[in-house]
Amino acid sequence: MSELVTRVAENVGIETATAEKAVGMILGFLQREAAEGPVAQMIEAIPGAPELVAQYNGEGSGGGGLLGGLMSAIGGGGVMALGQQLMSQGLGMGEITALAKETIAFAKEKAGEEVVDEVVASVPGLSQFV
């Protein structure tokens, strides 16, 4: 996992600790939201990913206060809720987009393009960010 975290930190220009947490949050989000088979295959193919997901999966998903609850109630959770969680870690939209692209590119290297494309296609709205 350190390979992915280091790559994200360097290419996105963020602290390693922030990159680790953000990657864990993204992978945890995908584990919750994406098609079960392909996402399990993808996470298993990335060295250290299962541990990172276990560490950060629940991070920030505890409702997000009134706005988070409202967004979920009107169906605006999903990708938008993940974006809010990442912004709460101090990341801007440009950094979040770069972070998502790096994570997906790395996942494709490890799990294969077909598997990762299936994961992305199974999450509404995700394809516009990666």
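1. A residue is called buried here when its relative accessible area is under 20%. Alanine 22 has a relative accessibility of 1%, so it counts as buried. Keep in mind throughout that we're looking at a predicted model.

2. Where does alanine 22 sit? It belongs to helix H2. Setting aside residues up to four places away in sequence, alanine 22 touches Leu86, Leu91 and Leu99. The chain also brings in methionine 87: this residue lies 65 residues from alanine 22 along the chain, yet 9.8 Å separates their C-alpha atoms.

3. Now for the core. The largest nonpolar core has 39 residues, and the ones touching the most other members are Val8, Leu27, Leu30, Met42, Ile46, Leu86 and Leu99. At least two core residues come from each of H1 (2-12), H2 (16-33), H3 (36-45), H4 (49-56), H6 (78-87), H7 (93-111) and H8 (113-121). Which helix gives the most to this core? That's H2, with eight residues.

4. Not counting residues up to four places away in sequence, methionine 42 touches Leu27, Leu30, Ala107, Ala111, Val115, Val116 and Val119.

5. Threonine 103 is a residue of helix H7. Is threonine 103 buried or exposed? Its relative accessibility is 1%, and with the cut-off for buried at under 20%, threonine 103 counts as buried. Leaving aside neighbours within four places in sequence, threonine 103 has contacts with Leu4, Val8, Val23, Ile26 and Leu27.

6. As background, an α-helix has 3.6 residues a turn, so residues three or four places apart point the same way.

7. Last, a word on confidence. The average pLDDT of the protein chain is 85, and 84% of the residues score at least 70. Residues 59-75 are the stretch to flag: pLDDT stays under 50 there. For that stretch, the model has 13 contacts beyond four places in sequence.

How values were computed. Residues are numbered from 1 along each chain as its sequence is written. This is a predicted model: local features need pLDDT of at least 70, side-chain atom pairs count only at pLDDT 80 or more; totals for chains, interfaces and linings use all residues. Side-chain values use heavy atoms; hydrogens and water are left out. A nonpolar core is a set of buried Ala, Val, Leu, Ile, Met, Phe, Trp, Tyr and Cys residues joined through side-chain atoms within 4.5 Å. Buried means under 20% relative accessible area, exposed over 50%, partly exposed in between (1.4 Å probe, protein chains only). Helices (H or I, at least four residues) and strands (E, at least two) are DSSP runs, numbered from the N terminus. Contact means heavy atoms within 4.5 Å. pLDDT is the predictor's confidence in each residue, from 0 to 100.
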